Amino acid sequence: MGRTPLLEATGEPRKFDPKFRGPIHNRHCTDIICCVIFIVVILGYIALGIVAWVHGDPRKVIYPTDSYGQFCGQKDTPNENKTILFYFNILKCASPVVLINLQCPTTQLCVSKCPDRFATYIDVQASYRYRPDQWNYFRQFCKPGFNNPRKSVAQVLRDEDCPSMIIPSRPFLKRCFPDFSTKNGVLTVANQTTFKDGRGKTRNVTDLREAANGINNVLDARSVGMKIFEDYAISWYWILIGLFIAMIVSLLFLVLLRFMAGVLFWIFIFGVIGIIGYGIWHCYWEYDHLKGIPGSDLTVYDIGFQTDFRVYLQLRQTWLAFMIILCVVEVIIILMLIFLRNRIRIAIALLKEGSRAIGYIMSTLFYPIVTFVLIAICISYWAVTAVFLATSGEPVYKVMANQTLCKYANLTCDPETFNRTNVTKVCPGAQCTFAFYGGESLYHKYIFIFQLANAFVFLWLVNFAIALGQCTLAGAFASYYWAYRKPADIPLWPLFSSFGRAIRYHTGSLAFGALILAIVQLIRVILEYLDHKLKGTQNSFTRFLLCCLKCCFWCLEKFLKFINRNAYIMIAIYGKNFCTSAKEAFFLLMRNVVRVAVLDKVTDFLLFLGKILVAGGVGVLAFFFFTRRIPLFAQEAPALNYYWVPLLTVIIGSYLVAHGFFSVYAMCVDTLFLCFCEDLERNDGSTAKPYFMSASLHRILGKKELSPKKAVG
């Protein structure tokens, strides 16, 4: 492996400090302007949260609101015992979304319970004298204080003193919805297929379907949700045991990588070669077996597109194409192994070195907990602030008129002065009812901007937390690599020291990198929002343009994450600002692009396989346990409604646990790789410039043997 010219992109020789011995301690603050901006933004974010807390009212999310802007079920109010919202005429509600958004154009009233029978105001009024109990039941769904069954039906319906009809309902999301059920495949409400609408018509219950579309499925989902909650309640102990086993298995896999990284890699590679070889043989066997069978010599073009893909498997051309593809893949893999064998050996050696480094700095395995806590705090603060911002505002009332041609319909109004206006004269029966929460102040006009700022700062903080973790781990592992005698020269508390350096000197640089990434992510969020809003109305050109933009920014985000990751490593080593570190990391990687590609794929392959093995192994064990197929623990397994609930939780949780451990490992390998490339460019193995790499890496390079002192490491 030849020496690489020490040239920057400008062609000038790259300057090295001959006394460099790893992460420098005499540092200075970097990207101070960005650090100041970051601190100011955090203070502004806290101020935004306080303002949102002052103006917002999460009760608007917890409690439904009636037509008078009053909360249902709120303590110390007349509605304290009336926790459910009732709709006078649910037929006017087009969809559940309209209901939940409180924009259904009908009177909404807080009640203590939903109606449990069919009844109309006409029938109740007619039977008032000899059946007063029916009126007493019906009037609880009328406006508070109304008790005049002698009032004419036309006037009652015009003034909406009472609903024209009530139907059996049940509460969901603290709102009354029709009690749908299916009988012999027919939609019914309380086993009836028709009902009186209180206006002289008999209607089918299917007319309620549009107003409560999908509610029955959601109610069924609520029942499933309760069962899932029960399963979690009785199996959480065993889920934690499964995750603990996943942690132990992940640690064992890292230990195996230290001693058997080469063996594991070659076993997996030759296994893949063997599987592909078997696939080639099987394709040839199918190709030869179909010889002479009628119709097998047809081409894919002849039969065209078929929904049953098994038809294509009856063609010789299909198996020939499969065989050619597999042969090409097999040849590519073999050629890569032949020409890149030395690079692969370096990658495997770095994998072993990474396991050794983690073995000396075991505390790094638990640092992801710190990152998780920081991200959890960011998510919680963002969610709370978003809720308070969304519930900011005063009640807005609008004119609700029964007449479709009323010129005052949907205009804002004041309920206190509404009766003194001429609206009721021009539009008889019109009412000033609550519509939504909003306002005309400067704060309320810019709620959307505040929500956008909330999302942007959230992305910035999350990316900063990730950057802090990467820089901290990189500094700890760089301390290991640049220790001449390992482990004797490794600094005391390398992880804690690296964390302190990152916070004290490089907050601005980490915030700068996180800012760039947050801007791209926010643009991606906006593009997704536009795509969702324009769906169904956009033309082909718009769809194509949005698709291209989304793809470009996705690629840009992936590239920036790669650059930022390596820039943080260089910041941890040299203590330079973000732009300089990113530039040096980029050109260093470009000078070793083949090594980068090989190392990246080898590491990704092994770690991905490790994650699958951990999640799959623990998942199989959990499957046999929760299905009581392990005789020794059959009595210990809990009785579950759905065994797949804890099973999927264990599998997904095990994968995340393994990902947490292996992300530290991947960061370790990336750091050691950059240090390795720097070591090659700085030193030549002589006494004056000895290599800092391990003895195994030195032997792979084919250089002269290490000095006796170095061989100790």
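This is a predicted model: local features need pLDDT of at least 70, side-chain atom pairs count only at pLDDT 80 or more; totals for chains, interfaces and linings use all residues.
## Ground rules

Local features need pLDDT of at least 70 and side-chain atom pairs pLDDT 80 or more, while totals for chains, interfaces and linings use all residues. Numbering starts from 1 along each chain as its sequence is written, and side-chain values use heavy atoms, without hydrogens and water.

## How H14 meets H15

Let's begin with helix H14 (residues 447-481) and helix H15 (residues 494-505), whose axes come within 8 Å and cross at roughly 130 degrees. Helices here are DSSP runs of H or I with at least four residues, numbered from the N terminus. Axes are lines fitted to C-alpha atoms over the stretch in contact, with angles from 0 to 180 degrees between N-to-C directions.

On the H14 side, the contact (heavy atoms within 4.5 Å) includes Leu468, Cys471 and Leu473. Their partners in H15 include Pro494, Phe499 and Arg501. The contact residues divide into 9 nonpolar, 4 polar and 1 charged; Ala, Val, Leu, Ile, Met, Phe, Trp, Tyr, Cys and Pro count as nonpolar, Asp, Glu, Lys and Arg as charged, and the others, Gly among them, as polar.

## The largest pocket

Which residues lie nearest the centre of the largest pocket? They are Gln470, Arg565, His659, Ser663 and Ala666, out of 47 lining residues. A pocket is an open set of points on a 1 Å grid over the protein atoms alone, where a 1.4 Å probe fits, with protein on both sides within 12 Å along at least five of seven lines; lining residues have an atom within 4 Å of a point.

H20 (644-682) and H14 are among the helices that each supply at least two lining residues, and H20 gives the largest share, 12 residues. By class, the lining has 29 nonpolar, 11 polar and 7 charged residues.
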